[in-house]
Amino acid sequence: MSARIHLSLPHMGGEERLFVGEAFDSNWLSTVGPNIDGFEVELARYLGGGVRALAVSSGTAALHLVLRALGVGRGDRVAVSTLTFAGSVWPILYLGAEPVFLDSEMKSWNVSAALVDEYLREAARSNTLPKALVAVHLYGQHADIDPIAAICEKFGVILVEDAAESLGATYRGRHTGTTANFSILSFNGNKIITTTGGGAVLTRDEMALARMRKWANQSREPAVEYLHREYGFNYRMSNVLAGIGRGQLRVLDDRVQQRRAVFDRYREAFADIPGVVMQPEADWGTHTRWLTVLTLDPNEVQATPRDVVEALAKDDIEARPVWRPMHLQPMFTGAPSIGGSVAQRLFETGVCLPSSSSLTEGEQGRVIEAVRGALALMPGRTR
Ligand SMILES: Cc1ncc(COP(=O)(O)O)c(C=O)c1O
């Protein structure tokens, strides 16, 4: 019996143990220490663009801090991509604000400038402008952020980048996480690099960063006694986990290349199957292929994404449908949504395949065979 193939596994580089060992040797086993400081500096240096980093306990926590720093509160609206993981949305609810869901475009599967323009014009007319817009960079690919940023600026809406899935991607020569004034990352265990669990805030706004740092640390004021002027969170990252992050950062570029190579092999393997369409790579940057995602055209392929996921599960291979859009979640029935049919179609036709950077060619061969089997297209057979 061959081993289970997972969707996206942690992939250590080797140096992580050295940094973790240093934390043990020096007894920095808390939420302060040299690995935290080093990770924040090294992450910001890697990304460039003058951003500063705050390492925290998760991407969701990072977004919560950012939205609070932007003054989002009860009665506010926050626009957010509908095609995303729920972690992009929960912090809006934590602050008592209302999400407004935005549809995707086919070119990148992310929110489009045209839709943002249309939505904000109408919202300005009806006096319902959102305070912020959270643009998600899905599956490792950047949204077309420059025109979106220009439109947001015109309407006084603050742009936030949810780069949880896109670390390592570029947009017009810049790194993801640096193309808006406020961005967040996730280092959850399934991401392109991981701290087992963790996240980061990225911003050039030093004052906002200082406030978020304080909130993340229980809102402790710089005083000898425990002094609090505002409510806080326990959101700091541990110095042990930051050591894992420091090691992981050193192999991030390799991980992008490896995931892209996994994607290339899938693309070649399915090139002859009519109706199988790989997620496109927009011309404005580099897609990390954090996950390889393909769609099945129902006019050409009988099997649905669910059929494929279930067939692969029988071979002990983990695949997933594309995110169920937020506007189609029972949780958000009745929530305002601007369009949504593109995201719905991607959800109904899309499958995420095992994409680990450590996936061997043999394992990938198993996945390819299983997918072809599920599509009733075993090698050498045509429909
Ligand atoms: C797009 C997106 N946003 C936010 C998050 C939340 O990050 P975390 O799991 O670190 O809280 C995730 C994933 O985990 C994500 O995929």
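How many nonpolar, polar and charged residues does the shell around the ligand have? By class, the shell holds 3 nonpolar, 9 polar and 3 charged residues; here Ala, Val, Leu, Ile, Met, Phe, Trp, Tyr, Cys and Pro count as nonpolar, Asp, Glu, Lys and Arg as charged, and the others, Gly among them, as polar.

The model is predicted, so local features need pLDDT of at least 70 and side-chain atom pairs count only at pLDDT 80 or more, while totals for chains, interfaces and linings use all residues. Residues are numbered from 1 along each chain as its sequence is written, and side-chain values use heavy atoms, with hydrogens and water left out.

Around the ligand there are 15 residues, of which Gly59, Thr60, Asp162, Glu165 and Ser186 come nearest (a residue is near if one of its heavy atoms lies within 4 Å of the molecule). Polar contacts, pairs of N or O atoms within 3.5 Å, can be followed one by one. A backbone N or O atom of Gly59 is 2.8 Å from a ligand oxygen atom. The side chain of Ser88 places an N or O atom 3.3 Å from a nitrogen atom of the ligand, and for the side chain of Ser186 the distance from such an atom to a ligand oxygen atom is 2.7 Å. The protein buries 93% of the 380 Å² that the ligand exposes when taken alone (accessible areas by the Shrake-Rupley method with a 1.4 Å probe).

Turning to the cysteines, the whole structure contains 0 disulfides, defined as pairs of cysteine sulfur atoms within 2.5 Å.

Technical notes. A polar contact is a pair of N or O atoms within 3.5 Å; within protein, one must be able to donate a hydrogen and the other to accept it, and residues adjacent in sequence count only if both atoms are side-chain atoms.
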